[in-house]
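Thank you for letting me take a few minutes today.

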Amino acid sequence: YHLRSIHPSTTNAVLYSMPAQAGHSRSLLSELGLQLPDDFFQVYFERSWSRLPGSSRAANLFKSLWSFRHVLAHSRKESFHAYEFGIPRPAEDPPKGASKAVKAAHSALGKNLSLVQNHVHRSHAPLARYMQKASAFFGLPGGLNSYTTPPHSTGFGYHFDPSDAFVLQVTGSKSWELCARRFPDPFGFSNLTYNQVPRGDPHVTNCSSVHLREGDALYLPIGQIHR
């Protein structure tokens, strides 16, 4: 997801590890707020990224599941990790259950840092139910992470992930750069810099730009370089 609600920030909740299977109920897909093209599994799945235009219904669904107040509530209960252009800033991370976590979240965002909250579905029932439906449709379990990024800032540099992902734009908007693909070594991710791609690398030339608005989604296959 990408949220922008009370606070002028963008929260990105990303649905990971969801290899899809055809033949499941379109009504279940509608409950997920995703509009897959008819040839998604033949043309895009595990082959290429795909922007999935949304609707007002999808935007309302995403907002009902997660909002900036949920980000703050999760900060109080489970904390967050602060990042600056993909670099961890642990000095900004409040301890789990800290009474000043909300103040710390506002402070980090005010410094143009991104808030990363992993596995938010584990402690928020609406997201847990959403994940159950997603698992039923795609045929495998997954996880849901939340990213809150201040306006006019970049949360992460060029990188790729070890799984497929669906990015859901909840509130506000965000521009993405989508570049080449790498087929990762699963063991390589033990090195924290393995999936980082520096500027000037041949794989980040001739990138495509995609702009997501509320209710839109973006499919990224494993190894897709993006920022």
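Predicted model: local features only at pLDDT ≥ 70, side-chain atom pairs only at ≥ 80, totals over all residues.

Glutamate 46 sits in the loop between α2 (40-44) and β2 (50-52), where helices are DSSP runs of H or I with at least four residues and strands are runs of E with at least two, numbered from the N terminus. Although glutamate 46 is not a glycine, its phi is positive, about 60°. Because its relative accessibility is 45%, glutamate 46 counts as partly exposed; buried means under 20% relative accessible area, exposed means over 50%, and partly exposed lies in between, with a 1.4 Å probe and protein chains only.

Residues are numbered from 1 along each chain as its sequence is written, and side-chain values use heavy atoms, with hydrogens and water left out.

Asparagine 112, in the loop between α5 and β5 (114-117), is a residue other than glycine with a positive phi, near 65°. Its relative accessibility is 45%, so asparagine 112 counts as partly exposed.

Now to serine 79, which follows α4 and has a positive phi near 75°. Is serine 79 buried or exposed? Serine 79 counts as buried because its relative accessibility is 7%. It lies in the loop between α4 (68-78) and β3 (81-84), and its side chain reaches the backbone oxygen of proline 94 at 2.5 Å. Leaving aside residues up to four places away in sequence, serine 79 touches His74, Pro94, Pro95, Lys96 and Gln117, a contact being heavy atoms within 4.5 Å.

Within α4 itself, Phe68, His70, Val71, Leu72, His74 and Ser75 are buried. Some of these residues also belong to the next topic, the packing of two helices. Phe68, Leu72, Ser75 and Arg76 in α4 meet Ala101, Val102, Ala105, His106 and Leu109 in α5. The axes of α4 and α5 (residues 101-110) are 8 Å apart, at an angle of about 120°; axes are lines fitted to C-alpha atoms over the stretch in contact, and angles run from 0 to 180 degrees between N-to-C directions. The two helices α4 and α5 are therefore oblique to each other, since angles under 35 degrees count as roughly parallel, over 145 as roughly antiparallel, 65 to 115 as roughly perpendicular, and the rest as oblique.

To finish with the whole protein, it has six helices and 11 strands, and buried residues make up 49% of its 227 residues.

Key. Polar contact = N/O pair within 3.5 Å; in protein donor to acceptor, adjacent residues only side chain to side chain.
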